[in-house]
Amino acid sequence: MKKAINLNVNGVSRTDEVEPRMLLVHYLRDVLELTGTHVGCETSLCGACTVMLDGQAVKSCTVFAVQADGSSVTTIEGFAKNGELHPVQEGFWEKHGLQCGYCTPGMIVTAAQLLDRNADPSREEICHGLEGNLCRCTGYQHIIEAVQYAAKKAGQR
Amino acid sequence: MIPAQFDYKVPATLEEAVALLNSDLDGAKVLAGGHSLIPAMKLRLAQPQLLVDIARIKSLSYIREEGDQILIGATTTHYHLESSDLLKQICPLLPECAKSIGDVQVRNKGTIGGSIAHSDPAGDWPAAVLALDADLVLVGPNGERTVKAENFFLDLLTTDLQPGEILREVRIKKPGGKFGQTYQKVPHPASGFAVVGVAVHLTFNDDGSCKSAGVGVTGVGLKAYRAKAVEAGLAGTNLDDNAIATAVTHVCDGIDPNADLYASSDYRCHLAQVHTRRGIQAAKARVQ
Amino acid sequence: MTENYVGKRVKRTEDPRLIRGLAHYVDDISLPKTLHVSFVRSIYAHAKINSIDTSAALAAPGVVAVYTGKDVAEKIGPVPCAGALPDLKVPDHRVLATTKVYFVGHPVAAVVATDRYAARDAVDLVMVDYEDLPVVSDVEAAAAGGPVIHDGFSDNIAYRLTSGEGDIDAAFAAAERTVKQRVLHKRLAPIAIEPRGVLARYFPGEEELTIWSSTQIPHLMRTQVALMIGIPENKLRVITPEVGGGFGSKLNVYAEEALLGWISMQLGKPVKWIETRRENMQATIHGRGQVGDVEVAFKNDGTVLGLRYSVFADMGAYHQLLTPAIPTLTGLMLSGAYRIPAIQMNITACFTNKMATDAYRGAGRPEATYIVERAFDLIAAELGVDPAEVRRKNFPGPDEFPFHTATGLDYDSGNYEAALDKAQQIINYPGLREEQKKAREEGRLIGIGVSTYVEICALGPSQAMPAGGWESATVRIEPTGKVTVLTGASPHGQGQETSFAQIAADELGVNINDVTVIHGDTGVVQYGIGTFGSRATAVGGTAVYVAIQKLKEKAHKIATHMLQADASRVSFEGGKYSLQAAAAASATGTSEPVVPVGEAPAGALPEPQTEGKTSATIQDIALAAHLAKELPPDTEPGLSATYFFEPKNFTFPFGTHICVVEIDRETGDIKFLRYVAVDDCGKVINPLLVDGQVHGGIVQSIGQAMFEEVVYDEQGQLITGTLMDYAVPRASHVPDFELDRTETPSPVNPLGVKGVGEAGTIGATPAIVGAIVDALAPFGVKHLDMPIKPENVWRIINGH
């Protein structure tokens with residue numbers, strides 16, 4: 001029943017045998033022990049499990065690990081490079097874009113995707129871009145400011 | 001959260017996919033983006049025995065012009081459609097509709113073919129392909145057949161897709177002459193699905209009068225439908241306020257509108273009228 | 001104290017681990033050989049269990065054990081309720097259903113397997129034979145009679161209570177006018193984005209059980225779970241790792257926490273259960289759930305004479321920890337920010353076949369504020385005066401504090417008018433009313449809502465709390481000079497690792513990076529109460545502050561000894577004890593260079609150099625205290641102090657929120673135009689965190705006002721069972737908030753802080769609803785029940 005899969009996760013090549021039904025999020029968390037990606041719902045709505053799959057933000061609770069065979073995945077653990085925070089991570093810290101932190105990894109991944117596609121988003125575009133991520137703590141205002149901060153910062157680099 | 005067990009196969013070609021699907025007509029399901037199927041499996045509302053993953057068949061993902069047609073492969077993602085410069089030019093209804101679906105993560109993974117084949121009563125694509133009078137190309141063990149979108153959606157989550165068939169392509173006649181399009185949507189505050197979604201495609205005569213109208217409606221009935229009475233009420237008119245106002249009163253003709261916690265049938269029908277009107281006005285304003 | 005940190009927008013010290021995905025929530029902790037638990041839960045709201053067949057499940061691959069109610073009923077004590085009220089009916093609440101199920105989601109059996117997939121699969125193999133029983137779904141119907149849910153009780157009424165002071169009948173007799181309104185507070189789901197989760201590990205040799213749980217109250221949970229499963233309290237360690245939001249839903253002791261501990265003891269292996277979102281909707285407490293009538297007596301000039309609120313409170317099927325207490329909190333706050341001479345609250349609390357209600361952000365106080373603020377809007381409408389003015393008329397003045405209310409409270413401090421003035425100024429209130437008038441003439445529907453709330457925080461004096469209202473702190477300076485703060489509060493997103501470090505760093509004159517705040521581990525931290533009721537900073541922060549003063553008394557004594565000076569000549573400033581100016585002046589130039597904290601040499605501890613010194617840093621003193629070679633006589637070695645702070649009163653933060661909305665006449669859509677909030681939470685430790693708390697609270701209010709509602713049908717089936725149906729606000733639903741503050745220090749604690757965790761949720765709903773109602777005033781609307789959906793608005797506009 002098990003299938004062999006081969007992925008590149010945060011720059012590291014991985015080969016494993018998994019049940020076809022294993023969700024990508026469980027593969028990342030339980031097999032690879034990359035627990036920064038969280039699970040917040042069952043219906044693909046909260047976005048806490050968002051990771052980059054071949055450069056595209058996806059909800060890893062709605063992807064089977066076997067579907068990601070041959071792909072490259074970046075999780076939140078892969079965002080900081082050589083000890084330097086990603087501009088979005090920096091924005092979240094500077095602007096207090098998180099409280100309990102549970103939605104944060106998914107929120108950061110989605111925000112990074114948003115800025116990949118639109119370097120200077122308006123407030124409305126940020127809100128539209130974050131529609132797939134729920135936060136129950138911050139009321140979003142500081143998250144929006146964090147994304148604006150990151151956009152500015154990335155623009156300066 | 002955890003689906004039941006199943007087997008998973010990755011066919012290299014569409015033919016192979018059709019063969020796999022036909023190897024277990026009761027238990028096999030096609031997997032494309034998975035954004036309708038996987039949530040259902042996680043809640044164990046769906047428990048297929050075999051998933052046939054067609055998302056890896058590269059030749060099924062494309063947007064291209066061919067003659068007077070726009071051809072869209074079944075596994076083309078919502079995001080691909082949303083961001084297509086070609087479509088923004090020649091058929092902006094499609095990117096606009098794509099942009100309204102779910103959220104960015106869903107659009108990155110979900111596919112137009114999956115959405116149409118699933119035929120969710122509140123899905124967005126059915127409205128768009130109905131308004132555009134699209135042809136849907138289905139492949140089965142006995143070869144290919146083409147079905148008009150309006151004949152494809154049969155009932156709640158039910159389409160003309162026969163067991164063992166796969167939706168391969170969406171074909172849309174390239175809008176010619178003067179035309180205007182829009183997709184208007186009231187998203188459900190929780191699910192993001194359409195409480196009401198109205199796709200409008202208008203073509204115009206040289207004198208500015210409406211040559212033809214395509215109006216696809218989702219969220220209102222058990223399946224998406226073409227609001228033919230509205231279309232008929234618009235064709236040949238100058239789309240003045242009166243003509244539009246009269247036409248849109250027919251948007252729920254023959255439909256028993258859905259009711260849920262968010263919107264009763266009355267209100268849903270009212271929203272359908274308002275957004276059909278707004279859609280027609282917006283399409284008219286965007287004539288190109 | 002040098003204020004290097006307190007009062008500043010200090011970035012959080014918690015964040016680096018959280019933004020890099022390196023923090024540990026319960027499910028992120030993996031122990032070898034962990035077994036996984038999945039629950040069989042009732043699909044019926046009320047049914048008799050005829051039989052449970054677990055044989056197929058037991059035979060399934062990977063399954064280790066299946067437990068049913070019969071297996072554990074005699075082994076594990078009831079799920080506790082801490083609410084103590086006269087004649088309170090408390091149903092026997094076992095961790096698994098025994099003979100009947102009482103709500104959808106009621107746990108019936110626990111399946112234990114080698115992995116979570118196998119456990120989930122086997123759940124489908126447990127066969128339960130149910131026999132339908134009549135369902136009591138509606139709270140008023142429950143009060144009226146009909147089928148009785150719990151055997152042994154004569155009816156479904158959990159308790160009745162009348163509270164309040166003043167002569168309410170006289171108030172109504174003397175009234176020139178009265179208004180009365182029925183008001184609904186629908187059930188809400190707290191929806192912490194991290195669902196609940198429990199990991200339990202028992203070491204049979206050591207007889208030690210450790211439970212990691214996503215809870216707000218590790219110590220209280222330890223006490224209760226120890227009693228439930230019969231393990232000595234000091235053999236049970238509860239750890240709350242990172243907690244992904246609580247909002248009151250994790251201020252509880254749940255069946256699963258005790259059961260997992262007990263299963264681990266049976267099997268001698270770690271066991272884990274992570275709640276799914278569907279389970280979270282069904283079997284984690286709900287908030288609110290009141291249906292009541294408010295009546296107000298007032299004079300023609302707007303002076304309020306009395307307020308009566310008679311309410312049916314929906315308890316659900318069982319009492320969770322504080323279920324029956326929540327409506328009593330509503331009763332406490334019915335005076336709002338006003339002088340109301342007579343107040344009466346009549347509670348009829350009822351059992352229904354639904355999940356228990358309990359504390360959800362605000363916990364009874366949002367209901368009160370909403371009632372009072374709606375009442376003031378109704379008075380304004382009745383008298384045809386501006387809603388802000390009728391409020392202003394009834395405010396107690398700033399010199400009337402402590403202000404005694406007819407609900408029996410003494411408000412600590414306040415200047416309600418100042419907050420209202422400021423908010424009105426920011427939004428240009430007169431101009432806004434003009435604009436509204438013009439817009440109405442053009443047929444546009446613009447509404448302005450005003451809420452001048454007061455809330456009760458810093459819960460609270462122990463007299464008023466079921467299990468102690470104090471909070472604890474230990475502050476110690478380690479031999480290397482690092483400062484460790486152990487707090488009994490248990491923050492889960494509020495940021496007290498930072499704000500408590502700010503307090504400690506300023507009080508001790510050290511770098512904030514040298515302070516570590518530890519919480520949420522009963523094996524490490526002295527007993528504490530926890531984080532809820534906007535108490536952590538006001539009560540727990542004060543404990544930290546006072547512990548530091550105690551520590552500094554001792555440090556001063558050691559410093560005096562080290563500097564060989566008279567105690568009166570040694571003073572503390574900037575992290576150092578120095579000889580006073582006159583003496584120190586002669587020693588200028590001889591003081592040692594300042595060594596940055598954190599750069600102590602590796603290896604052996606340095607000897608403190610004291611000879612000829614005129615100052616000693618707090619780090620020098622910490623080292624000396626641990627080496628204990630040069631301590632003054634009769635001085636204990638070490639440098640550590642513990643303090644349990646018992647507040648003498650609650651605190652009463654307040655503020656004014658003004659919301660402006662515009663309504664789409666055609667669709668009923670509601671759009672925010674402005675939102676101004678002026679909050680007064682006393683002294684502010686970290687404005688960045690305060691803003692975050694206010695934003696989050698307001699958005700939960702937006703959810704309640706416009707979207708959120710847990711819906712059960714007549715059969716007790718949960719209609720809003722997933723996030724597909726239950727709408728939590730998203731980024732696109734919220735306006736850009738304009739926040740400001742006034743600052744009225746609390747006299748209740750030396751920090752002057754009041755608390756802010758629930759302000760937004762309490763203050764905002766009346767402003768939002770008020771704005772929508774105001775927008776619809778041209779249609780004669782005076783009140784609407786939440787959630788106000790576009791359809792409700794459309795029906796009003798179109799006379800449906």
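I'll start with one residue: I340(C) is found in the loop between α10 (326–332) and β15 (342–351) of chain C. Helices here are DSSP runs of H or I with at least four residues, strands are runs of E with at least two, and both are numbered from the N terminus. This is a predicted model, in which local features need pLDDT of at least 70 and side-chain atom pairs count only at pLDDT 80 or more, while totals for chains, interfaces and linings use all residues. Residues are numbered from 1 along each chain as its sequence is written, and chains are lettered from A and ligands numbered from 1 in the order in which they are written.

Is I340(C) buried or exposed? I340(C) counts as buried, because 26 C-beta neighbours lie inside 10 Å. The cut-offs are 20 or more other C-beta atoms within 10 Å for buried, 12 or fewer for exposed, and partly exposed in between, with C-beta atoms placed from the backbone. Leaving out residues up to four places away in sequence, I340(C) touches V304(C), G306(C), L307(C), S335(C) and A406(C). A contact needs C-beta atoms, placed from the backbone, within 7 Å. E256(C) is 84 residues from I340(C) in sequence, and the C-alpha to C-alpha separation is 44 Å.

Next, confidence. The model scores ipTM 0.98 and pTM 0.96. Chain C has a mean pLDDT of 95, with 96% of its residues at 70 or more; pLDDT is the predictor's confidence in each residue, from 0 to 100. Residues 583–602 of chain C have pLDDT below 50, and that stretch has 20 contacts in the model beyond near neighbours in sequence.

Chain C also has an open sheet of three strands, in the order β4-β2-β6, with antiparallel pairing. Pairing requires at least two DSSP bridges between two strands. The edge strands, each pairing on one side only, are β4 (100–101) and β6 (127–132) of chain C. Strand β2 (residues 47–53) of chain C is joined to β4(C) by two bridges. K48(C) has K100(C) as its bridge partner in β4(C).

Now the interfaces. Between chains C and A, 44 residues of chain C are in contact with 44 residues of chain A. On the side of chain C, α1 (15–19), α9 (277–283) and α19 (687–707) each supply at least two residues. α19(C) gives the most, with seven residues. By class, that side of chain C has 20 nonpolar, 13 polar and eleven charged residues. Nonpolar covers Ala, Val, Leu, Ile, Met, Phe, Trp, Tyr, Cys and Pro; charged covers Asp, Glu, Lys and Arg; the others, Gly among them, are polar.

As for α19(C) itself, 19 of its 21 residues are buried. The helix reaches 29 Å from first C-alpha to last, close to the 30 Å expected at 1.5 Å a residue, where the expected span is 1.5 Å times one less than the number of residues.

The contact between chains B and A takes 20 residues from chain B and 23 residues from chain A. On the chain B side, the largest share, five residues, comes from α6(B).

Finally, chain A. It has five helices and five strands, in the pattern β-β-α-β-β-β-α-α-α-α along the sequence. The C-alpha trace of chain A spans about 50 × 30 × 25 Å along its principal axes. Of the 157 residues of chain A, 66% count as buried.

Terms used. Contact = placed C-beta atoms within 7 Å.
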